[in-house]
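Biologist: Let's go through the labels on this model and ask what each one rests on.
Modeller: Fine. Ask about the labels and I will set the values against the cut-offs.

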Amino acid sequence: MSRTPQEEANLALVMGMFEHVLGPMDSARVDEFVAAEYVQHSQLAPPGRDALKAFLDMIREQTPEAVHDVKRAFVDGDHVTVHYHVRRWPGDLGWAVIDIFRVEDGKIAEHWDVLQDVTEGGPNPNGPF
């Protein structure tokens with residue numbers, strides 16, 4: 001399956017945001033990746049780009065050892081989906097997370113997420129990743 005140049009750019013933008021913003025929880029770099037009129041759908045964060053910055057600062061303060069381990073990423077037109085493992089502290093089983101981003105004019109314009117607790121055991125031997 002081939003990607004268009006625009007899809008490659010959209011994927012690179014989102015992966016750059018993971019590397020430079022979400023990984024280090026660096027709110028100072030949000031404006032490089034996120035549109036001024038950013039629409040947030042996550043039930044964990046208030047709406048808007050400035051609220052995203054404040055949310056990242058709070059998370060960095062509460063869980064400075066958090067890790068975002070990207071497992072896979074997909075792009076389809078202006079939407080990029082990232083499946084990853086969040087661990088908030090050493091030994092935390094964490095969450096399996098899927099983020100969906102919509103890109104417009106070279107910036108992340110919209111975001112949705114789905115989170116699931118990672119558990120040990122259970123009836124399915126296949127893990128979430």
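Modeller: Phe 101 has a relative accessible area of 3%. The cut-off for buried is under 20%, so Phe 101 is buried. One point on origin: this is a predicted model.

Biologist: Why is Phe 18 called buried?
Modeller: Its relative accessible area is 5%. Buried means under 20%, so Phe 18 is buried.

Biologist: How many aromatic pairs are there?
Modeller: Two, by the ring-centre rule.

Biologist: Why is the pair of Phe 18 and Tyr 84 called edge-to-face?
Modeller: The ring centres are 4.9 Å apart, and a pair needs them within 6.5 Å. The planes stand at 80°, and edge-to-face needs over 60 degrees, so the label holds.

Biologist: Which parts of the chain does that pair link?
Modeller: Phe 18 is in helix H1 and Tyr 84 in strand S3, 66 residues apart. Both residues are buried.

Biologist: What makes Phe 18 and Phe 101 an edge-to-face pair?
Modeller: Their ring centres lie 6.1 Å apart, with 6.5 Å as the limit. Their planes are at 90°, over the 60 degrees required, so this pair is edge-to-face. Phe 18 lies in helix H1 and Phe 101 in strand S4, so the pair ties together parts 83 residues apart in sequence.

Biologist: Which residues do the ring pairs link into a cluster?
Modeller: Phe 18, Tyr 84 and Phe 101.

Biologist: How do you know that the charged end of Arg 88 sits over the ring of Trp 95?
Modeller: It is 4.3 Å from the ring centre. The distance limit is 6 Å, and the angle to the ring normal must be within 35 degrees. Arg 88 is assigned as sitting over that ring. Lys 71 lies over the face of Phe 129, at 5.4 Å from the ring centre.

Biologist: Which residues touch the most other members of the largest nonpolar core?
Modeller: Val 14, Met 17, Phe 18 and Ile 108, out of 24 residues. Helix H1 gives the largest share of this core, seven residues.

Biologist: What is the volume of the largest pocket?
Modeller: About 470 Å³. Its lining has 29 residues, and Tyr 84 is among the closest to its centre, with Leu 22, Phe 55, His 68 and Asp 113. H3 supplies the largest share of the lining, five residues.

Terms used
Residues are numbered from 1 along each chain as its sequence is written. This is a predicted model: local features need pLDDT of at least 70, side-chain atom pairs count only at pLDDT 80 or more; totals for chains, interfaces and linings use all residues. Side-chain values use heavy atoms; hydrogens and water are left out. A nonpolar core is a set of buried Ala, Val, Leu, Ile, Met, Phe, Trp, Tyr and Cys residues joined through side-chain atoms within 4.5 Å. Buried means under 20% relative accessible area, exposed over 50%, partly exposed in between (1.4 Å probe, protein chains only). Helices (H or I, at least four residues) and strands (E, at least two) are DSSP runs, numbered from the N terminus. Rings of Phe, Tyr and Trp (its six-membered ring) pair if their centres lie within 6.5 Å; planes under 30 degrees apart count as stacked, over 60 as edge-to-face and the rest as tilted. On a 1 Å grid over the protein atoms alone, a cavity is a set of points where a 1.4 Å probe fits but cannot get out, and a pocket is an open set with protein on both sides within 12 Å along at least five of seven lines; lining residues have an atom within 4 Å of a point. Grid points are joined across faces, edges and corners, and a volume is the space filled by probe spheres set on the points.
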